[in-house]
Amino acid sequence: MKKISVVFFLLLCSGVYAQVNTGQENTGQENTDQELYKKRVLESAEIDFLGSYYAQDGNNASVSGGIGSEELTDYVGDIVVSIPLNDDDVLTVNVGISAYTSASSSNLNPFDGAQPADPFVASSGESRSDNLISFSGAYTHSSDDRNTIWGLTLSASSEYDYSSLGFGANLTKLFNEKNTELSVNVNVYIDQWNVLYPYELGGDADDDEGPFNINNYTVTGNQNYQPKFVPYDQTNRNSFTVGLGFSQIVSENAQMSLLVDLTRQEGLLANHMQRVYFSDYLNTFIENFHLADDVERLPNSRFKTAIGLRFNYYLNERLTLRSFYRYYFDDWDINSHTISFELPFKIDDKFTVYPSYRFYNQSAAKYFAPYDQHLSTNQYYTSDFDLSKYNANQYGMGFSYTNPFSKFRLYKFAFKSFDVRYDYYKRNTGLTAGIITGGIKFTFE
């Protein structure tokens, strides 16, 4: 609540600042006509209320080694405030919270006694749910001719097992009467894990159960349980990204963009909660749950490259085609292709519907193998199906209403626009998901 109060305080202050600043400009005799009548980058403060609901299900949970329920729900709420500091500068503040419940993460400790341990049944442990709190701020400055834009960003987020701090800078240059655009952005993220291991490997138990003691359970299969596990020797993860963009208006009806993103990651890149099972180890079970042979092990560095091409074509006053293709590859041997289309259709000046389709295909990481198929002699291994070979289809439909002249008011906030969208996602591995997103924008008067 303190963070939200600060956002509204900044918003109110910006209105006072804008009035004072405008008065000073009108009395300055040294200003040129261009400065006096220069169009502001953002005419007035804006506030967006955003929200989403996400639900998924599947049978390849990585916490239980590539099998088990992937059922998960996530609720997200964000408040985004954009504040014009003067004609050229804008401050944007975003405060968000995400609350999720996950069947697979609950099985970090499946032996809570509420029901027989089973990878396809969620336990009642505290790890089944969590909240993510995030904050970000961005400052942008535009030159008088609006051909140069630079900005700085700062972000922070925290959840029960992960925290992140990020900062970055960006620069955009427009040429050729604003028909050509070049951009570059650089970001650094300094992250820290709060390492939590599966219960049988020494992880903390929920509900004060104490440390794992195999003698307290009835064991089937291998009675001499000896996992390969040793704790990680580092808990940090750092990411460095560089993004390059080139955009060109090709004709009156067409625009194309070329995007290149380079990412270098270092540190603990594996997930400490994800179990791995070896085919050359005898299996040990408690009830219906297979005890882990180890946790996911991955290299402590990764280099990613993504190249994207965007093409938009204005068909007529009602219909526009938006298309995008992206090729991705990294040094873990993942190669992927993404292609998407969106077809916004203007019903009238205020209403727009936009159906969309997205196809994704990727190869498997060289460290991936499904449940119980790794060898203990390998140096790296994962059974996370996000790193497997798969393809996915996503179908979406959105609706937007924009009316900057609406008479609807909420105190001193004037309604500007409303958006809602639904997307359905399906992988050929069996994972399915649906997400509903919505947002409403007001301007401060």
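Modeller: Ring pairs join Phe 49, Phe 351, Phe 399, Tyr 401, Phe 415 and Phe 442 into a cluster; rings of Phe, Tyr and Trp (its six-membered ring) pair if their centres lie within 6.5 Å. The model is predicted, with local features needing pLDDT of at least 70 and side-chain atom pairs counting only at pLDDT 80 or more, while totals for chains, interfaces and linings use all residues. Residues are numbered from 1 along each chain as its sequence is written, and side-chain values use heavy atoms, with hydrogens and water left out.

Colleague: How many aromatic pairs does a search of the whole structure find, and why is the pair of Tyr 357 and Tyr 395 called tilted?

Modeller: The search finds 26 aromatic pairs. In the pair of Tyr 357 and Tyr 395 the centres are 5.3 Å apart and the planes stand at 45°, and since planes under 30 degrees apart count as stacked, over 60 as edge-to-face and the rest as tilted, this pair is tilted. Tyr 357 belongs to strand β19 and Tyr 395 to strand β20, 38 residues apart; strands are DSSP runs (E, at least two residues), numbered from the N terminus.

Colleague: What makes Tyr 395 count as partly exposed?

Modeller: Buried means under 20% relative accessible area and exposed over 50%, with partly exposed in between (1.4 Å probe, protein chains only), so Tyr 395, at 45%, counts as partly exposed, and Tyr 357, at 28%, is partly exposed as well.

Colleague: How do you know that Tyr 401 and Phe 415 are stacked?

Modeller: Their planes are 25° apart, with 5.8 Å from centre to centre. The pair links strand β20, which holds Tyr 401, with strand β22, which holds Phe 415. At 8% relative accessibility, Phe 415 counts as buried.

Colleague: What makes you say that the charged end of Arg 302 sits over the ring of Trp 332?

Modeller: The rule asks for NZ of Lys or CZ of Arg within 6 Å of the ring centre and within 35 degrees of the ring normal, and the charged end of Arg 302 is 4.2 Å from the centre of the Trp 332 ring. Arg 427 likewise lies over the face of Tyr 390, at 4.1 Å from the ring centre.

Colleague: How do you know that β8 and β12 pair?

Modeller: Strands pair if DSSP finds at least two bridges between them, and three bridges join β8 to β12.

Methods. Helix = DSSP H or I, 4+ residues; strand = E, 2+ residues; numbered from the N terminus.
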